[in-house]
Amino acid sequence: MKRFIWCIGIGMWILLTAIAIYAALNAKTLNISSGGTVIVSFVIGPFLLLGALYGYLFTMVSFSLSFILTIIFDMHASYNMAINLVAAVSFSLFSQYYFFTTKKKTFLAALVTLVVTGIAELACLTIIPSSEYNLESLIKLLNYLGRDVITVFGIAFAIYLFFNKAPDICKLPFPIGIGYTAGFRKNTEVQRRLRKTRVSAKITAIIFALELALGISVSVFTMVLFPDLRQMMVGRMDEAMNGAPAQEQQIEPVNDSQNAEETNGEAAGQQFLERLNDIDYKFNESAVRFDIKMILLMLCVGVPMAAFANYYTKVTIGGPLGVMSDFMYEYANADDERKLDVGRKVDSINVKTRDEIQILNDSMKATVHAVEDYIGRIHEKQEVEKELEIAQRSSEAKSSFLSNMSHEIRTPINAVLGMNEMILRECEDEQILEYAANVKSAGNSLLGIVNDILDFSKIEAGKMDILPVQYHIGSTINDLVNLVAAKISDKGLELEINVDETLPVQLIGDEIRIKQCVTNILTNAVKYTEKGTVTLNIGYRKADNKNIMLRFQVVDTGIGIKEEDLDKLFSPFERIEEIRNRTIEGTGLGMSIVKKLLALMDTKLEVKSVYGEGSDFSFEIRQQVVSWEPIGDFKKRYKEYLQSTEKYHESFTAPDAEILVVDDTVMNLTVIKGLLKRTRVIVDTAESGKEALEKVVKKRYDAIFIDHRMPEMDGLETLAAMKELKDNMSEGVPCIALTANALSGARQEYIAAGFDDYLAKPVNGKDLEKMLMHFLPDDKLQAGESADEERAENSLLTQLQGIDLQEALKNSGNSAILENVVQQFLISIDSKADAIEGYAREKDFRNYTVFVHALKSSARLIGALELSEMAASLEECGNNEDDVAIQERTPQLLDLYRSYKDKLAAAGGGQDEDLPEIPVEELISAFGDMKELIDAYDFDTADSIMEMLSQYSIPQEYKEKYGRVKELISAVDRDALLEIL
């Protein structure tokens, strides 16, 4: 298509050029000086069209051909070509500067062209032939303008219509027509590449001015040289008159008539020479005519030369300089963010002029690249500085976060492990002791992980140290099983454990890191296994006399891993088959952590997987052997290990000793009281530093434990205020920091702050007793006792009916816990019975089964065995969706369930007649406070208010509301509580 358009354009140019040449050669024959509009249109029309459609370059080629042929065939009239030159150049300039886009500009272009063409015609057709340049010549100018107006304006507006109305495809064959297409107007890059540069325009102007100056100069110099020209012409004429030189003369016979004619001619020639010598030469009309001819002829040569020079300079000088100047202007004005993007354009500038311009281009590229490199280095430096700043802020944030996390995480761990320790001390049931031992094992594992996370030195160094310790491999394996057993059971999977019975039992290594790695692998296997088996194989091979290569292998029958996804396995925060596994929880960090931990222990994880069949994860790790005693059957051996652990016995008793424990968390105070229960130490408590200051001025304690992090006044501030207190009766008493801040170096910090020692949370019972034995006065310490029975049976429990008290005490652990459980059971009877009845009526088997299952457990816990068995039977009916049995037997269950409102009435505070009645105003105020607390989700403080209200007798008109509030707060039903309060 492009070639076809190009051929059309060239063909049209050749046709117009041929017409233009023909018109130029026949201008004299057509007598343009006296011709009409048609003749003028034929003579100058082709040049107007060439200038408008093809621009100066093609037009000047056509003009030069015409001019050369005119010189050859009609030399004396060749200066008339200036008329065509002026017309062609005018339309060429106006067309290239887009004057034909509007009617006004088109009119202006036509008018200017008409005037300059008329002036050229006046010079060529009037002044030169007649040497007239008076007032009459101006009248002839008007005649020329009138004659040419139709031609010039007609062609101008025809061009206007063509450029603005014709389809773009019709404009494409013409170089100037392309500039009037829609595509060209939108493409600023092409516009900039084809524009006239100032350099080329200046060079063109210089050439044109030079040609004009030369023309004028030649005209002037002709007058100076004319005497020589005259002498030269006279000499030539003498020579012509006198014949050839003697040596060149030839004697030829002539007749008389011929001699006579030659004699008359010689006489006439001699007379002409004499007259020529007598002429007084001066500047007159003929000289003016001569000069104008000379200037016009010079322009006919100079203007095309200027056009060709313009094109050449545009291509080889102006164009490259223009592109480079555009680039440098954009580059210099670009901001720092855009400078790199703009700088990349420099490589697209290709200059092959093989001169200084090419050197300039290459130097510009080198400079831009150097600037880019410099900017890149600056950016890298800024990024490094920014990353350092972020790292510093991150380090500070880590410090703050981990410090808070120490308190927030270790506090509930303290409660869990403390309460569990009391179960281990006070319970005799073997199954419960096994459960508690598992809780202790899992809790200690969690505590170990938290302790490692909180180690500042590890985090700031960017590494995690491997700390080898002696450990029991049986205990490690049991911990691993306990951590995943529940998850495996919930998913209905089978867990197979295969342990080499010859595996040495006592090893040295980083047990926590090993458990962390295996736990991650096991958890991963459980996540991605829907049915089948998860197998843990543990074996070893002997490395030398002191070391073994301990091998852990986890095999599952899960979904497996595609080969192309294996690399993603160790990428942080990246999950395998995200869409398929979108319901599986996790961050994707597990395997990445395993990889790094194993690398720290000089080993690596090996993975084998078949997509759709399962995966095999394994690793070997070098461990030092302490004892080569084989583990044997690890399950049996570990149970023996648990049974061989010494049953708790208090280290001492100190019934006369009294300590003060200061902590803002009530649960922590309860834990310490429980841990010291058997020691019979009197434990006084304070929930704030201010309260502790009030107590030390009233009583002298034997030891004071102060929590570090407390609101308003923390532990350090409390200790400092206590030492400055004038009436402090406990001055000099040992003060121990009781805190969850387990960071390295904490003990030194607390001792430096004035404490006598430091006890980390969660509080270990043995450590607590050991510290008290060190600080309590020797005269108050007595040998420990091992009495394990209840000191006194709560008389309230003996009043309960319909329960097996011995079974209830066995299930609950002790009378205090049982009393609380019975109260909770009592206040929830109405709501839960109504719920069971409603779900049975609505045939909502799922929720019905959930509620009777809960009743089965809670009834057995309080010793209501008959009610528990009925609930168990109906639970099976709910699972089978046996609607007939449910409808028949549920009423009996509910009757028995609701009868416990009377049977357990003694636990509901039936003795409140002996309590003082709370004033109605205070009760209403308490309800209001509870509403604000519950609205803010502070159920703990709301429970405290309810506990306070239990010390009073409730006015009769508020008893129903009080009972309902007590029931709802036990059920933690926020919406219903806000409504009733």
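Helices and strands here are DSSP runs, numbered from the N terminus. With that in hand, open the model, which is a predicted one, and let's walk through it.

**The whole thing**

Start with everything shown as cartoon. The protein has 35 helices and 14 strands. Of its 981 residues, 42% count as buried. Among contacts with a separation of 6 or more, 72% are between residues 24 or more positions apart.

**Stop 1: Asn-80**

Select Asn-80. You'll find it in the loop between helix H3 (37-73) and helix H4 (81-96). Is Asn-80 buried, exposed or partly exposed? Its relative accessible area is 22%, so it goes down as partly exposed, since the buried class is under 20%. Now show what touches it: leaving out residues up to four places away in sequence, Asn-80 meets Cys-124 and Leu-125.

**Stop 2: Gln-516**

Jump to helix H18 (residues 511-527), where Gln-516 lies. Gln-516 counts as buried because its relative accessibility is 18%, and the cut-off is under 20%. Which residues is Gln-516 in contact with, leaving aside neighbours within four places in sequence? Select Ile-593 and Leu-597, and you have them.

**Stop 3: two loop residues with positive phi**

Go on to Asp-602, in the loop between helix H19 (590-600) and strand S6 (606-610). Check its backbone: phi is positive, about 60°, although Asp-602 is not a glycine. At 74% relative accessibility, this residue counts as exposed.

Next pick Arg-680, in the loop between helix H21 (666-675) and strand S10 (682-686). Here phi is near 65°, again a positive value in a residue other than glycine. Arg-680 counts as partly exposed, at 39% relative accessibility.

**Stop 4: helices H28 and H29**

Now select residues 829-841 for H28 and 845-861 for H29. As background, two packed helices are described by the angle between their axes and the distance between the axes. For this pair, the axes come within 9 Å and cross at roughly 145°. The crossing of H28 and H29 is left-handed.

Show side chains to see who makes the contact. From H28, pick Lys-832, Ala-835, Ile-836, Tyr-839 and Ala-840. From H29, pick Asn-847, Tyr-848, Phe-851, Val-852 and Leu-855. By class, that contact has eight nonpolar, one polar and one charged residues.

Stay with H29 for a moment. This helix has 17 residues and reaches 24 Å from its first C-alpha to its last, close to the 24 Å expected at 1.5 Å a residue. Colour its buried residues: Phe-845, Tyr-848, Thr-849, Val-852, Leu-855 and Ala-859. Why do they fall on the same side of H29? They cover an arc of only 125° around the axis, and that puts them there. Tyr-848, Val-852 and Leu-855 are buried and also take part in the contact with H28. Just after H29, click on Gly-863, which takes a positive phi of about 90°.

**Stop 5: helix H30**

Move to residues 865-880, which make up H30. With 16 residues, H30 reaches 23 Å from first C-alpha to last, close to the 22 Å expected at 1.5 Å a residue. What is buried in H30? The buried residues are Leu-867, Ser-868, Met-870, Ala-871, Leu-874, Glu-875, Cys-877 and Gly-878. After H30 comes Glu-881, with a positive phi near 55°.

**Stop 6**

Select Tyr-952, in the loop between helix H33 (939-949) and helix H34 (959-971). Tyr-952 counts as partly exposed, at 30% relative accessibility.

Finish in H34 itself, at Glu-967. At 7% relative accessibility, Glu-967 counts as buried. Which residues does Glu-967 touch, not counting those up to four places away in sequence? Highlight Ile-827, Ser-828, Asp-830 and Ser-831. Glu-967 and Ser-828 are 139 residues apart along the chain, and their C-alpha atoms are separated by 5.6 Å.

Key
Residues are numbered from 1 along each chain as its sequence is written. This is a predicted model: local features need pLDDT of at least 70, side-chain atom pairs count only at pLDDT 80 or more; totals for chains, interfaces and linings use all residues. Side-chain values use heavy atoms; hydrogens and water are left out. Helices (H or I, at least four residues) and strands (E, at least two) are DSSP runs, numbered from the N terminus. The expected span of a helix is 1.5 Å times one less than its number of residues. Buried means under 20% relative accessible area, exposed over 50%, partly exposed in between (1.4 Å probe, protein chains only). The arc is that of the directions from the helix axis to the C-beta atoms. Axes are lines fitted to C-alpha atoms, for helices over the stretch in contact, and angles run from 0 to 180 degrees between N-to-C directions. A crossing is left-handed if the near helix is turned anticlockwise from the far one by less than a right angle, and right-handed if clockwise. Contact means heavy atoms within 4.5 Å. Ala, Val, Leu, Ile, Met, Phe, Trp, Tyr, Cys and Pro count as nonpolar, Asp, Glu, Lys and Arg as charged, and the others, Gly among them, as polar.
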